[in-house]
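Hi there,

Here is the structure I promised to pass along. Please have a look at it first, and then read on for my notes.

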Amino acid sequence: MNPTYSFGAQLVAPNRTCFRLWAPSKEEVSVEIDGMPAIPMERLADGWFEAHADCGAGTRYRYRVSDDLAVPDPASRWQDGDIHDASIVCDPQSYQWNNSDWTGRMWEESVIYELHVGALGGFEGVMQQLPALADLGITAIELMPIADFPGARNWGYDGVLPYAPDTAYGTPDQLKALVDAAHSHGMMVFLDVVYNHFGPDGNYLGAYAGTFFRDDLKTPWGQAIDFRQRPVRDFFIENAIYWLDEFRIDGLRFDAVHAISEKDWIVEMAQRIRAAMPEGRRVHLVLENDDNTAGFLERSPELLYDAQWNDDMHHVLHVLLTGEQEGYYVSYVNQPAEKLMRGLTEGFVYQGEPSVYAGGEPRGEPSAHLSPTSFVNFLQNHDQIGNRAFGERLTTLANPLALRSAMGLLLLSPNIPLLFMGDEYGATQPFLYFTSHLTPELAYAVRNGRREEFARFSAFSDPAIRETIPDPNAEQTFLDSIPRPDSEGATTWRDWIKALLTIRQERIVPFLAGATSLGAEMIGPKAVKARWQLDNDQILMITVNLGDAPVPIDYEKLADGKGGAILFQTDGVEDAAPENTLPAYALIAVMEPSA
């Protein structure tokens, strides 16, 4: 597959490049190529400019859009330095693939490991982690956004050049080598992409393509992107196809699509991506969508998106594990066990009900009819750790026994599980919000803005306490966020995770394609029993107690008297069986034969 892209510089012969720029606000544009005179670009219809030049891969160039402004290519494939520097012409065929016959894995097999490329040492550093992750039972790594951002340190959500892997992480060919190596280990690679906004520094589009944005809508990040414009729609859809085709990425996670006003574009994007993939290629598309739009996850009449990150399940589990009640957790404080039941059996907790955090507005759509694999569940991810003022992990917030039982629930239930880097060995280091903005003014604004946003929380009502929140732009904030195993307990945690994932891959995953919920019941204030019909005529039953007191349970009827086989149980469960109780902070998973 060799698609032709509308945007950017593309080789048309070994020493010949076509440069294209959409600049509807300009009458004249030229391309400035290092070592050559400026070349005026031909103005085409609908705001397009194009020029051809005798130059090849490695050529540095900029677009001159006014007498006082030359800009990088908004579709730059690689930068010569940082976001304000020259763009580089790349040869998409330069990398020689070792796994050219790789077609991907089934979605049901996904066990996702979210990671920050910079924190693990760049593309080559991540590659070094692959053997251990594969041995653990991870089947997919998910890279936080890698699109070029200002400076050397950033979460990735301040990217401004969506086609260019950030130079701090490595070269485009090093990214391809990472993907190739993952495929050698039988692992998929997913990429987090951001199509709802650009970062605050280095976005020059407004200077020559003013209609890329609209002023009648605002987002938390500023001007809204105008997805009513055909070139704007194509810019991002082609970007998605670019990552999947040229880099052989196996799937994409689309950040915060609830902030995109044109919902029809979200549908169109999935349709065009799937149409562009060759027959037999397995590509997986996952949403982050606070609107809980079940319609995007339907499997009929056509598959659009495989799944959505299920924040509802995270929030209710976090409340049960920590007792926290502020921020968005306020919507999960009442009847948390009932909410956990609904999340396990129906996916979304909010399916049109009023949300306290949303000011009483209804949120979500009915989702009980969807497959359990339509939901990606997690106990932690970059947001849920790093958006805390001090970036604390659950290992420092929750009872360790309760956390292990919650991890058992996550990894054995039929939903798709996601771990965040460090989860596999019980990391205790924080994951903080970090940046490396290039201007003191922006660094100051981000530092103080972040501290002020926590003023509404009772623990940070005192300005002096807010001043202790780490400075995102300080290098130490990034260094403190690098996970590393503690000598004590790391091996135990890893063995625990591996045991659970082995059970999942051997006893559950092969039968997930047609899995359906059989309902759940509350057996204690923080305890539930849930059952699912699997595709092998057996029933998976998980009972979990996240409370600090035992709850009654009839072990003779645990598998409804059908002679179920125990898949997994936490310490103390077997000893409590004669008393017909499930201990505090405990879990048991049973495979029942079908009726």
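Below is what turned up in the structure, grouped by topic. Please keep in mind that this is a predicted model.

**Open space: the largest pocket**

Let me start with the largest pocket, which has a volume of about 1900 Å³. Its lining is made up of 49 residues, and the ones nearest the centre are Tyr-328, Asp-383, Asn-387, Glu-453 and Arg-456. Three helices, α6 (311-322), α8 (382-386) and α10 (440-453), each supply at least two residues of this lining. Which of them gives the most? That is α10, with five residues. Sorted by class, the lining of the largest pocket has 22 nonpolar, 13 polar and 14 charged residues.

**Enclosed space: the cavities**

Rolling a probe the size of a water molecule over the atoms shows where empty space is left. The structure holds six cavities of 30 Å³ or more, and the largest cavity contains about 160 Å³ of space. It is lined by 18 residues, with Pro-145, Ala-147, Pro-162, Val-193 and Val-194 closest to its centre. The elements that give two or more residues to this lining are β14 (188-193) and α4 (230-246). By class, the lining of the largest cavity has 13 nonpolar, four polar and one charged residues.

**Asp-192**

Is Asp-192 buried or exposed? Its relative accessible area is 2%, and buried means under 20%, so Asp-192 counts as buried. Its side chain makes a polar contact with the side chain of Tyr-157 at 2.5 Å, and another with the side chain of Arg-253 at 2.9 Å. Leaving aside residues up to four places away in sequence, Asp-192 touches Leu-143, Met-144, Pro-145, Tyr-157, Arg-253, Asp-255 and His-382. Pro-145 in that list is also one of the residues closest to the centre of the largest cavity.

**Thr-373**

Next comes Thr-373, found in the loop between β21 (362-363) and β22 (375-378). Thr-373 is buried, with a relative accessible area of 1%. The side chains of Thr-373 and Ser-371 are joined by a polar contact of 2.8 Å. Not counting residues up to four places away in sequence, Thr-373 touches Trp-107, Glu-108, Arg-299, Asp-306, Ala-307, Pro-414, Ile-416 and Leu-512. As for Glu-32, the distance to Thr-373 is 50 Å in space, C-alpha to C-alpha, and 341 residues in sequence.

**Aromatic pairs around Phe-212**

Finally, a search of the whole structure finds 45 aromatic pairs. One of them is formed by Trp-22 and Phe-212; this pair is tilted, with 6.3 Å centre to centre and 55° between the planes. Trp-22 sits in strand β2 (residues 16-22) and Phe-212 in the loop between α3 (205-208) and β15 (213-219), so the pair links distant parts of the chain, 190 residues apart. Trp-22 is buried at 6% relative accessible area, and Phe-212 is buried at 1%.

Phe-212 also forms an aromatic pair with Phe-235, and this one is edge-to-face: 5.6 Å centre to centre, with 85° between the planes. Because Phe-212 lies in the loop between α3 and β15 while Phe-235 lies in helix α4, the pair ties together parts that are 23 residues apart in sequence. Both Phe-212 and Phe-235 are buried.

Definitions and conventions:
Residues numbered from 1 in each chain as written. Predicted model: local features only at pLDDT ≥ 70, side-chain atom pairs only at ≥ 80, totals over all residues. Heavy atoms only, no water. 1 Å grid on protein atoms, 1.4 Å probe; cavity = no way out; pocket = protein on both sides within 12 Å on 5 of 7 lines; lining within 4 Å. Points joined across faces, edges and corners; volume = space filled by probe spheres on them. Helix = DSSP H or I, 4+ residues; strand = E, 2+ residues; numbered from the N terminus. Nonpolar A, V, L, I, M, F, W, Y, C, P; charged D, E, K, R; others polar. Buried < 20%, exposed > 50% of the residue type's maximum accessible area, 1.4 Å probe, protein only. Contact = heavy atoms within 4.5 Å. Polar contact = N/O pair within 3.5 Å; in protein donor to acceptor, adjacent residues only side chain to side chain. Phe/Tyr/Trp six-rings, centres within 6.5 Å; stacked < 30°, edge-to-face > 60°.
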